Amino acid sequence: MPGYSGLELCRMVSKQALKTQVIIISGYAEFSYAQKAIQYGVLGYCLKPVEYDEVTGLLLKAIRNLQQSTPSLISSDDFLAAVDGNDTDKISRYLEENGILQDSYYFVSSVSDAPLQLPGTLSFRVGINHYGYLSCSPYDRNLLEEASRSPGVLGIGVYPLAVTARDFQMAFYKYTSMAYHFFMDPDCRICDTYHDFHSVPLMLQIQKAMSFAEKERLCELLTQLKEGDPYKQLSIHSAQLLYNLIISNPQLVVNPQDYMLYNYRQLVHEYASFTELLDSLLQLINAAPETHEESEGLSNVYFLRIMKYVNTYYHENITLRDVAKMVNLNPNYISQLFKKSAGTTFSHYLTNLRITNAKKLLTTTDISINEISLKTGFNDYFYFLKTFKKYTGHTPSEYRNLSYERD
């Protein structure tokens, strides 16, 4: 810098009380030089050769200082967390900051490779290939029909009513599930009706058979549900609820904990359609406990392969069935082997691994919480929020802020 030294520049920044964050990287190890720099309020003084972790920590601290010194804007992550917590004040602030504060709004969501091009909307990502859209006016049906025919678009959900800020939470969960109705009805590309669990009378009989663990009767009713097509009047939320109610009953299914599905993306990843899901449930209900007469050494070989696979691909949408395919074994046997060898269930181990890596990203990077949820295998933002709080006692934002305070 002709005419100025690094220290002179630091002095000028300090004198003018600028918000500029200064980090010095120098080959000078003299204490007096470093002491002078500190007097001028530099954020850090790094000696060459520079350590990556040291600089990263200082850059993150600089970002935090700048964020704290400027008016706080609500991010799309904060908005989604506010919807999840039904925080109407924060929702309204977010809408006001984006210049669209009014009495009511219209919602659309899509399951698509990329966000839809819908003019005049505020869009946000809900999960992997899942997007939400908010508009001040009703959506053009012709525009949605055209969008539904675009490559990479699997389904669109349209909430049929105008929604006020206080009803965002209720509407949000409904219209995001409606975009997945193609799972129930492959011919339905645009869904504007929400069907609850009891939309189909047969579901009451199924619920009763589940309650009394009547396997034969339950299989008979599930077969009726599959063959009669009434399931098309159910939502994917009802499909997930039915699946998890059956799976979580140890009188019906062996090793239930490893088969639970926690979001719609998992459901679609695991099964091509609702009829395939029903076939799987019928197999699980009728399955006997899996036994293998293998040596302990061979079991260890399988377990090591499984652990390597899980630790490598935990950030992807893997399930017990994916692991079973990888080693060409029955999922029931994999579940038993994992519990015996690891001392915990496959599901708990995978979730704990994802949470551990999410905590690391929260404290060592400044990437958005939504992005962290995707990078660690939580393909649904809301599931990530709930799971992270369950495991740590804090929301991801709270955990990140606490780590900043400790620093």
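Strand 4 and strand 5 run antiparallel and are joined by six bridges, in a model that is predicted. Across this pairing, Gly-127 stands opposite His-130 of strand 5, and Phe-124 faces Gly-132 of strand 5. The two strands form a hairpin with two residues between them, and in that hairpin Asn-129 adopts a positive phi near 55 degrees.

Where does Asn-129 lie? The residue belongs to the loop between strand 4 and strand 5. Asn-129 is classed as partly exposed because its relative accessible area is 22%, which falls in the range between the 20% limit for buried residues and the 50% limit for exposed ones. Most residues other than glycine have a negative phi, whereas Asn-129, which is not a glycine, has a positive one.

## Strand 5 and its cover

Strand 5 is mostly covered, with six of its six residues buried. Which residues of strand 5 point one way and which the other way? His-130, Gly-132 and Leu-134 point to one side, while Tyr-131, Tyr-133 and Ser-135 point to the other, and all of these residues are buried. This follows the general rule that in a regular strand the side chains alternate between the two faces of the sheet.

Besides its pairing with strand 4, strand 5 is joined to strand 3 by six bridges, and these two strands also run antiparallel.

Strand 3 (residues 106-112) pairs with strand 6 (residues 153-158) in the antiparallel sense, over five bridges. In this pairing, Ser-110 stands opposite Ile-156 of strand 6.

## Cys-46 in strand 2

Cys-46 is found in strand 2, which is made of residues 44-47. Is Cys-46 buried or exposed? Its relative accessibility is 0%, and Cys-46 therefore counts as buried, the limit for that class being under 20%.

When its neighbours within four places in sequence are left aside, Cys-46 is in contact with Ile-23, Ile-24, Ile-25 and Ser-26, and also with Glu-54, Val-55 and Leu-58. Between the C-alpha atoms of Cys-46 and Lys-308, which are 262 residues apart along the chain, the separation is 38 Å.

## Two asparagines in the helical part of the sequence

Asn-311 has its place in helix 13, which covers residues 296-313. With a relative accessibility of 34%, Asn-311 counts as partly exposed. Not counting residues up to four places away in sequence, Asn-311 touches Tyr-349 and Leu-353. The C-alpha atoms of Asn-311 and Ala-342 are 13 Å apart in space, and the two residues are 31 apart in sequence.

Asn-328 lies in the loop between helix 14 (320-327) and helix 15 (331-342). Its phi is near 60 degrees, a positive value in a residue other than glycine. Asn-328 counts as exposed because its relative accessibility is 69%, with exposure defined as over 50%.

## The chain as a whole

The chain contains 19 helices and seven strands, and its C-alpha trace spans about 85 × 65 × 35 Å along the principal axes. Of its 407 residues, 45% are buried. Among the contacts between residues at least 6 apart in sequence, 63% join residues that are at least 24 apart.

The accessible surface of the chain comes to about 20800 Å², and carbon and sulfur atoms account for 51% of that area. There are 36 positive and 43 negative side chains, and the centres of the two sets lie 6 Å apart.

Technical notes
Residues are numbered from 1 along each chain as its sequence is written. This is a predicted model: local features need pLDDT of at least 70, side-chain atom pairs count only at pLDDT 80 or more; totals for chains, interfaces and linings use all residues. Side-chain values use heavy atoms; hydrogens and water are left out. Helices (H or I, at least four residues) and strands (E, at least two) are DSSP runs, numbered from the N terminus. Buried means under 20% relative accessible area, exposed over 50%, partly exposed in between (1.4 Å probe, protein chains only). Contact means heavy atoms within 4.5 Å. Accessible areas come from the Shrake-Rupley method with a 1.4 Å probe; for residues, only the protein chains shown count as cover. Lys and Arg count as positive and Asp and Glu as negative; His and the chain ends are not counted. The place of a charge is taken as NZ of Lys, CZ of Arg, CG of Asp or CD of Glu. Two strands pair if DSSP finds at least two bridges between them.
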